[in-house]
Amino acid sequence: MLAESLKGVRPRWPGRIVRAAGGVRLDRSCIFIVPSRVGLAFGVALLLMLLAAINYRNNLAYVLTFLLGSVFMVGVLHTYRNLAGLRLQAGAPAALFAGGQARFPIRLDSDGRARQALALGWSSGDLQLHDLPAEGSASVELSLPAPRRGWLPAPRLRVESRFPLGLMVAWSWIDPGQRALVYPQPLAGDLPLSAGAQEAAEDEGRQACGEGVDDYQGLRAYRPGDSKRRLDWKAYSRGRGLLVKDFAALEGSEFCLDFSALAGDGESRLSLLCHWVLDLSERQRPFVLQLPGQRLGPNSGEAHREACLRALALYGEAS
Amino acid sequence: MRARLESCLQSIDRVLLGKELQVRLALTCLLARGHLLLEDLPGMGKTTLSHALARVLGLGFQRIQFTADLLPGDILGTSVFDKESAQFVFHPGPIFCELILADEINRATPKSQSALLEAMEEGQVTIEGATRPLPSPFFVIATQNPVTQGGTFALPESQLDRFLMRLSLGYPARAAEKALLLAGSGRQRLPELEPVLDHAALAAIQAEIPRVRVSDALVDYVLRLVEATRSQPQFAWGLSPRGSLALLAAARAWAYLAGRDYVIPEDVQAVLPAVAGHRLRERADPAGQGGGTLVQWLLREVAAV
Amino acid sequence: MTTAKSGAALQPIPRVGLTWLLVAQLLVVLPHLGHLPLWIVGLWLGCAAWHIQIFRMRAPYPNGWIKAGLMLGTGFGVYLSRGGLIGLEAGVVLLIAAFILKLVEMRSRRDALVVIFLGFFALATAGLFEDGILAALYYLLPLAALLAALIGLQQSALAADPWATLRLAGSLLLQAAPLMLLLFLFFPRIEPLWSLPGPRERGVTGLSDSMTPGDIAELGQSGALAFRASFEGPLPERSRLYWRALTLEHFDGRRWSQVPEAAQVEPPLWEKRGAPLAYSIVMQPSNRPWLYSLDVAEGGPDDARLLADFRLQQRRPVTRPQLYRLTSWPDAQREPEGSVPALQRALQLPERGNPQSRAWAAELRRRHPEPEALVQALLGHFGREAFHYTLKPPRLGRDSVDEFLFATRRGFCEHFSSAMTFVLRAAGIPARVVTGYQGGEFNPAGNYLLVHQFDAHAWVEYWQPPRGWTTVDPTFQVAPERIERGLQQALGEEQGFLEEAPLSLARYRSIDWLNRLRLSWDNLNYGWQRWVLGYQGEQQMQVLRSWFGKADLRLLGLTAVAAVAATLLLVALWLFKPWRREGDAQQRLFQRFEKLLARHGLYRAPGEGPRAFAERAAQRLPDHAGAIRTFVELFEAQRYGGQQGAPGELGRALRQLRRALPWRSGEE
C-alpha cells in the first residue's frame, strides 16, 4: 500500500520517547494525495461527459467537462492545502488500567489558514473529524483499547483530509511515538499477609503509638474514615475546619505485598497486588511492595502508589 | 553602568564562594523588580547573600525573623499613644526598608505571611486606614526551609506566584567549602564590602530593563513554553499569564546583565528554572515541591528556534 | 479501508448539502423544460415535496414496490410522450426522470453523490439543446449549486453554512476557469467515435426541398436568422450575393422538386475563372443536410461535397449552428460541355397543363431563335408589363403558370422564377429553378452579413453552349430594389414588413438605437458561435496554426501540458501565498545552517538555543569557529535584536561558512 512509505517522518519521530513538544509539521514530504473513490467515480462521469461532447460535437459539453476537470485539479491543491502546514503535537497519555481505553492526546495547531474536516484516527476506518480555525488549535483524544498491562505504544496515526469536494483524499501517517502505561487490571481477592504484619491488620485496634514530635507530619484536611482520635480539636475551635494530625508511617504496621507469597499465575498475582495497592492507598495505609528483584516502600501516599503501580505494570518487561 | 554591575557581582562572589549562578540570578531578580524566595536548609548562606546584596547595592537592610508568634504588626508597625502630643504616633515596622530579609517565612502563621506578601505585591502598606508607601526600591528576600521540616506553614501556590524567582543555594562545591573552611565564614568579611551602586544608579538600571528588546520570534518561544505547560499532561497546571510576564521580565534583566539590549532564547532558558520551578507541579506528584524535572523537560523539548 | 469508505458514504446527508441539491436540481431541470414533457415538472415538484417531508420526518422513504412502480410509470410515460426509449430525446427525458426520482430514495451521502453526478450529466445534455451565450452563462448557476452541494456533503463547520459553501464553490470555479480555457483551446476535437443523432430542432423555419407558389412568400414573413457570413476581403455587391441552397429540376405543374439523380456521386465539371471569394458561414440549424454557398463553391466541412446540380450538401443534417469555410468562383464556367442526362432533366415538363404559356413559348422561340435573345425578351417582358412584386400573391389554381403570366400578374420571386423556367423549358432551353437566399443585412459592428429567412429567394439558371449554366433573376426586372437594397425596401410602405412577427427585432430596423443594439447583440452571438461553439476541427487547427506557426501535434501537446502546469502553479501560488512566510527567511537560513552542521554529526536538540548550539559546534569544529559564531551572531542580531542588516547579509554569512566547511567531516 502506498501509505506504507513513511519517509520523512521517521527521523523526526523517534519512537522511543514522546517528542511531543517539538511536534511535526505536515509538508510535502509526508503528505500523500490520490483521488478517493468518489473522485474515481467523478472521473468516470467526466469521461462519459467527454464522450458525449465528442460524439455530439458540442463545445458547451466540452466546456462543462473541462471546467469540472479543472475543478478537480484545483481541488487537489485545496485538499493538499487543507493538510499542509498543519502541526501535530503528541501529548503524553495518562496511565490506565488494563481493559480500559487508553487516551492519546494529540494537539493540532493550524497556521494562518483555517482547516476543515480534518480526520484523525489509527486507521482509515475509524476517524474523528475536527475543524480548526486560522491560527487556532484543538486538542484531540484518540482512544485505543488496552487489553494487557505494560507499555501500550500508540500505533501510527493517520491524518486525513477530503475537503472541500471529497474527490481527493490527502493523508499522512505519523508515528506519534506515544506510549501509555497500562497498569494490571485490579482483581479483588484475599491477600495472604506476610508474617509480622498480621497484628496490625484491623483498623480499630490500631494504636496511635509513637505520637512523638518526630513523627508528626503536620495537619491535613479531614477525610471520612479518619480516626477521631487524631482530629485537631484546637484548630477546629479556632474555626480552621476539621484537621487531622498526620503522622509518619509507623514502623512495623505496614502491609507487605509480596509477589512471591502469592499463588497463581503471574498475571493474576499482579492483578491481585494491583488491587491491594489501590485499596491500601485508598485507606492511606503504608505498605511495602515486594517484587522479585525490587522492593518499594515502606511508604504511603500518591507518589508511592504511582511507583508501585508502575512497577506492577512493567514487571517482567524490559522498559 | 554594566561594568559597575559586574563589579557588584564580583564583590558578592568574594563573600559567597562558588555560587556565581545563584548570585547572578538574585541580582537579575532584583533588577527585574521581583522578589526572591530562597529555599534551603539553614546555614547555606541565605543571610550572607541578602546582606551582601544590600551592602553592595547601597540599600538599607532589615531582617525579620519569622516565628510562629510573629504578628502582622511586628512586620508593618503599630501606632503607639504618645502622652506628650496626646495622640497616636505611628511607629513603622521593619518593612519600611529597602531590602528585607524575611527569614524562615514558613514558620510564621499564614496571617503574618500574608501581611508581608500583600505589602510586596502592592508596594504600600495600609495600617489603620492610612496608606503608607514603601521605599523604592523595595526588595524582599524570603527564605524558607524545605517543607519536610515540622511545624511550618508552607506557602500556598497563590503566594508562591508573587515571588519572581525561587532559588536554592545548595551545598557548596568542595573547593569552595575548603576555601570557606580555610579563610573563615564569608559573613565575617561582610563589613569589608563597599557599596558599588547608589539609589539613583539602581533606579536608572531598573528603568532601562523594560526597554530591552523582545522580538516576535522570542515571544513565540515564550508562548511555546507556556503552551507546553498548559497542554502537556504531565503538568498539573500550566503557567499563568503572570508567570509568562515574570519569565519575560527576568529574561530581560538577565540579557541586560549579560550586556545585550535584546533577549535571546538562552536568556529565557537561563532564568526558566528559577522563574518557573515554583510555579509548576507534576501531575503525578501534586504534593511535591517542584517542577525541577518539568523545567528540564521544557528546556529539552520545546523548540527554541 | 472498504468498511471505512462505505461507512462514510452511508452517513446521512447534511442539511446544507440537501438544500443545495434541491436548488441545483431546480436549476438543472429549468433549461430542459423546453423539450421535456410537462408531466416531468409535476414529477419534480412531487418528488421534491416528498423529500422535504422525509427530511422533516413526516413521510417515510418509499419502499421497494413504490420505487419500482415509479420507475415503471416513468419509463412508460417517456415511451408514450417520446415514442420510444432510444434516441437522444427520450434518453434525456429518462436521464432527467432518473435525476428526479433518485431524489426521493436519496438516503445517504452515496445517493446524494449519484444525484450530483447525474446533475452534471443532465447539465451537459442541456448544452446539446441550448447553447447560446445567455444559456451558457446560466449553466454556471446550476454548476455552482451542484458543486456547493458536493461541498455541503462534507462534515465541517464551513460546509454547514450555505453561503460559505457557495462562495467556496464559486472560488473553485474561478480558479478552475483559466485551466478550462487552456483545455478548451488545446484539447484535440476528434471525430465522433460513433454517430449519434443530435437533438431535432422542432419548428425550424427555412427552405424546404420543394417549392410551390407561396412557399417563399411565407418565409418572407419570418425574421429568423438563416446564417451569417464573413468575407475575407471586401464585401461583394449585394446583387452578386445569390446564396444557393437547392436546385429544383422537376416540375409537376405546380410543385418544383429535386430529382434523385442530381445527388449522384460524380461531381459536375466546372472551370475556375475570375477572382475567388473566400468567406466563412455560420449556419443556424436547418435540420437539412444542404449548405448555403455562392456559386461555385469549394471547401466546406470534410463530409460535404458538390452535387451534380452545384448544390453543396453534407452527410448529416445541420442540427446545431455550424461553421464552415468556402471559396467561391462567381465567374466560373459551369458545365460548358453539358451532360446529356442533366440537360434532359432540365427540359422536363409535365405532359399537360399551362397551354397558354406553352403557346407563348413557342411563339417566342419563333421570334427569337437565339436562346440569348429569347432570355432577354422574356426578361424584358417581365420588366415592361404590369407585373407586381408582392408578399401576398393571390392563390393560383391548376394551371399556375398560365394564371400568373396572363391573369393575376402579382407574385413573389417563386412565381417569377417558376414562370420563367417553365417558359424557357417550353421554348427548348434547358433551365431550372434555384432556391436560396439573396443579399443579407450588413452588420457594421462585426463586419459580417446577416441573412434572415425573409431573404429567401428563388431564381433561374439556364444552359447554353458554350457558356454552360447562366444565372438569371426575373425578380430583378420587376423589383430591382429587392436585389439592390432588400425586401423591406422592395415592399415599400404599403405592405407591412414582418407584420406577422411583431416581436422580431429586425422589424424595427428604422429605430436607430434599437437597431444598433440588435446588431451589437447579434455580433456577440456571432462571435460566440464562431469562436466558441464553432471552435471545432478546422477552426481549431486554424487558430492554433496562427499562434504556433504550424500545428505540429507534438509541439501542441507539449505546449498544452506546459501551459496547464504553469497555470496550476499560478493557482497554487495564489492558494499557498508563500510570500506570506517571507518573515521566516531567517528561520529558513537557520535550518540550512543546521543541515550544514548535521553533515558533520552536529544535531541541535529541539530545546537548544542557537547560541548554545553554535558554541557546541565551535568546539567541535574549532577551525570554523569564527564563521559559525559570525553566522549565529548575525542571526541573533536580526532575529532577536531586530536589526535590519543588509539584505542577504545572513545568507552571505551562511555561504561563507558553507564554502569553508568541507562537504563532510573527514576525520570521522
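Mentor: Before we look at the record, keep in mind that UniProt positions are given in the numbering used here, and that annotations may be inferred rather than shown by experiment. Also, this is a predicted model.

Trainee: Got it. Where does UniProt place the feature "transmembrane region" in chain A?
Mentor: The unreviewed UniProt entry puts it at residues 29-54 and 60-80 of chain A.

Trainee: How much helix is there in residues 29-54 of chain A?
Mentor: That span is 69% helix and 15% strand, and its end C-alpha atoms lie 40 Å apart.

Trainee: And what about residues 60-80 of chain A?
Mentor: Those residues are 100% helix and 0% strand, with 30 Å between the end C-alpha atoms.

Trainee: Switching to chain C: what is the strand order in the open sheet?
Mentor: The order is S1-S5-S4, three strands with antiparallel pairing. At the edges are strand S1 (210-211) and strand S4 (250-251) of chain C, each pairing on one side only.

Trainee: How many bridges join S1(C) and S5 of chain C?
Mentor: Two bridges, in the antiparallel sense, with strand S5 of chain C covering residues 256-257. If you want one to click on, C:Ser210 has C:Ser257 in S5(C) as its bridge partner.

Trainee: Nice. Now aromatics: how many aromatic pairs are there over all chains?
Mentor: The count is 44. One to look at is C:Phe382 with C:Phe387: the ring centres are 5.2 Å apart and the planes at 70°, so this pair is edge-to-face.

Trainee: What kind of pair do C:Phe593 and C:Phe631 form?
Mentor: A stacked one, 4.5 Å centre to centre with 25° between the planes. C:Phe593 sits in helix H21 (residues 585-598) of chain C and C:Phe631 in helix H23 (residues 625-639) of chain C, so the pair ties together parts 38 residues apart in sequence. Both C:Phe593 and C:Phe631 are buried.

Trainee: Last one: which ring does the charged end of B:Arg24 sit over?
Mentor: The ring of B:Trp254, 5.8 Å from its centre. In chain C, the charged end of C:Arg189 sits over the ring of C:Phe184, 4.6 Å from its centre.

Conventions
Residues numbered from 1 in each chain as written. Chains lettered and ligands numbered in written order. Predicted model: local features only at pLDDT ≥ 70, side-chain atom pairs only at ≥ 80, totals over all residues. Heavy atoms only, no water. Pairing = 2+ DSSP bridges. Helix = DSSP H or I, 4+ residues; strand = E, 2+ residues; numbered from the N terminus. Phe/Tyr/Trp six-rings, centres within 6.5 Å; stacked < 30°, edge-to-face > 60°. Buried < 20%, exposed > 50% of the residue type's maximum accessible area, 1.4 Å probe, protein only. Lys NZ or Arg CZ within 6 Å of the ring centre and 35° of its normal.
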